[in-house]
Amino acid sequence: LSPNTPGLRAALKALLEARPKEAHWLWRLKFQTTDTHVRFDASKYGWGWVPGSVNWVIPTAMVLIVLERSRRLNLVPPNELKRRVDLGHAMLLDRMCPGGGWNAGNSVVYGVPLTPHVDATSLAIAALRSHYHLAQVRQSLSWLLAAKCSSTYSLAWKILALRSYLDVRADVGPALKEARDQLVALVQEPAQIADNSTLALSILALDENSDPFAVERPA
Amino acid sequence: MNRLLNRRFFGAALLGGTGALTVQVAIERMRTSGLLADRRKPRSRVAILSADSYAAGLETKIADGLRLFHFDLCGRTVLLKPNLVEFIPGTEVNTNPLLVGAAADAFLKLGAKTIIVAEGPGHQRDTYLVVAENGLEEQLSKRRMRFVDLNRDALVRVPLKTRFSGLDALWLPRTILAADFIVSIPKVKTHHWAGVTLSLKNMFGVVPGAAYGWPKNTLHWQGIGQSILDINAAVPIDFVIADGIIGMEGNGPLHGPPRHLGRIVLSDDSVAADFTCTRLMGLNPWRVPYLAEAAQFLGNGATERIEQLGETPPKTVRPFSVLPEFAYLAGKAI
């Protein structure tokens, strides 16, 4: 991110000020007392898809990636930025599925563990790159490395996420190559890919010179 | 009866934490302003068809069932809306793709010009992964049918005809609005927030994730039951083919055990279809708040206003198991 990016300060400020429902004590009380079928710690919150809703894994991960990148620019109050980033990381770690990976939001509903999704897991571990020392992140990376998937959309997210972890584990490279080969085969027939954003995402994933979802780690 | 139903609706909204008083006031305002105009037909038609499995012969069975309704579908575009949520191996979460394929063949046989299959999964963002893993892709390619991901379709702002959710408009997919004939093809399941999920709840899938998030979160917080009513008042279903061959009981709509019911339910009234399915599940539809409210203005729930075209409803049924919170749904199904 460049500090000269037009509108960046206002956009970052809006992200910092965006609050999901869990940010309000009344909602936290509701989740702690009457609405307890979904297991999660409501005091740890990130970002929702749209205003007026609760937080979810994918928007939280995307906002965290951007906020981490903006840290060095000092465009927004650093203490508040740190507080929201820490809270967002804590939310992701709290919502991890038993066994690693992430579903759309929560991990256990009515006592049943939910299964992880490739796209949500990819974005979450990309956002948690600076927390690789934690067992949950390592476990989730292992889940993603082993996850088989045949869809263009999920493969593209998986490649973009794995790129950030090339330097930490020897098995990331071969898994990345396998996923790339699969994706290359799929994009050979672009007409088969029904939506344009997925095709564009695939191009980003296959461009080895770009790393649009890499997290800038604090020095 | 009305007051009783309103109290139930009020209670459900309170449990859902959605500002029950506001909802109740909104319902009364809708009644007095004419927004809740009675759209019910004098009589609705339902056909219950026995089907033990998804084996061969399903298309003939459905075509025979459809003929009972005497449609004129010549030259029309039929949009099939199955229930695809996410693929979980070993569970009966989604409408069986063989039933979707058989329904497409049956509508083509009756003269439909084009069949489109459309869905916007509520949970999983990777729509094509769900379509492929569920086996629907095979059915689509076999028939060269188009699939539209409603989560990412072009959108049109549609003013709402009712205000149960408190919203005054919804962004809805152009494909849905352009279809000549919309067929809701739900899976017969229990639902851990709504009680049951059938043809009306299936229409949550037309609401685009691109505008409302995954799950369709804004609407969840406006109230699931209330949103179901608003969506169905805005986008009326023309026909229902409910997949009750194997349903789901207990902790539906994702993690309950499969339940063999051995029935397909066809209807020209989505409310009548859902009432019939709920009765087949051994549950009392009048105790499902959104169904009870829908039966006041959207369609028919009372048995005397439902004409049975197919088989006679069974005299006794083994009720679907429900979570303890929904024990009140059991009881004499009237």
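User: Leaving aside its neighbours within four places in sequence, which residues is B:V206 in contact with?

Analyst: Contact means heavy atoms within 4.5 Å, and by that rule B:V206 touches B:K81, B:L150, B:L172, B:P173, B:I176 and B:I231. This is a predicted model, in which local features need pLDDT of at least 70 and side-chain atom pairs count only at pLDDT 80 or more, while totals for chains, interfaces and linings use all residues. Residues are numbered from 1 along each chain as its sequence is written, chains are lettered from A and ligands numbered from 1 in the order in which they are written, and side-chain values use heavy atoms, with hydrogens and water left out.

User: Which residues have the most contacts inside the largest nonpolar core?

Analyst: A nonpolar core is a set of buried Ala, Val, Leu, Ile, Met, Phe, Trp, Tyr and Cys residues joined through side-chain atoms within 4.5 Å, where buried means under 20% relative accessible area, exposed over 50%, and partly exposed in between, with a 1.4 Å probe and protein chains only. The largest core here has 75 residues, and those with the most contacts inside it are B:V188, B:V196, B:V206, B:I231 and B:Y290. A second, separate core of 54 residues includes A:L123, A:L144, A:L145 and A:L162.

User: Where do the buried residues of helix α1 of chain A lie around its axis?

Analyst: An α-helix has 3.6 residues a turn, so residues three or four places apart point the same way. Helices are DSSP runs (H or I, at least four residues), numbered from the N terminus, and in α1, residues 8–17 of chain A, the buried residues are A:L8, A:L12 and A:L16. They fall within an arc of 70°, so they line one face of the helix, the arc being that of the directions from the helix axis to the C-beta atoms. These buried residues pack against α3 (57–70) and α4 (78–94) of chain A.

User: Which residues of helix α2 of chain A are buried, and which are exposed on the other side?

Analyst: In α2 (residues 25–33), A:W27, A:K30 and A:F31 are buried. They cover an arc of only 95° around the axis, which puts them on the same side of α2(A), whereas A:W25, A:Q32 and A:T33 are exposed on the other side. Part of what covers the buried residues comes from chain B, including its α10 (217–222).

Note on methods:
Helix = DSSP H or I, 4+ residues; strand = E, 2+ residues; numbered from the N terminus.
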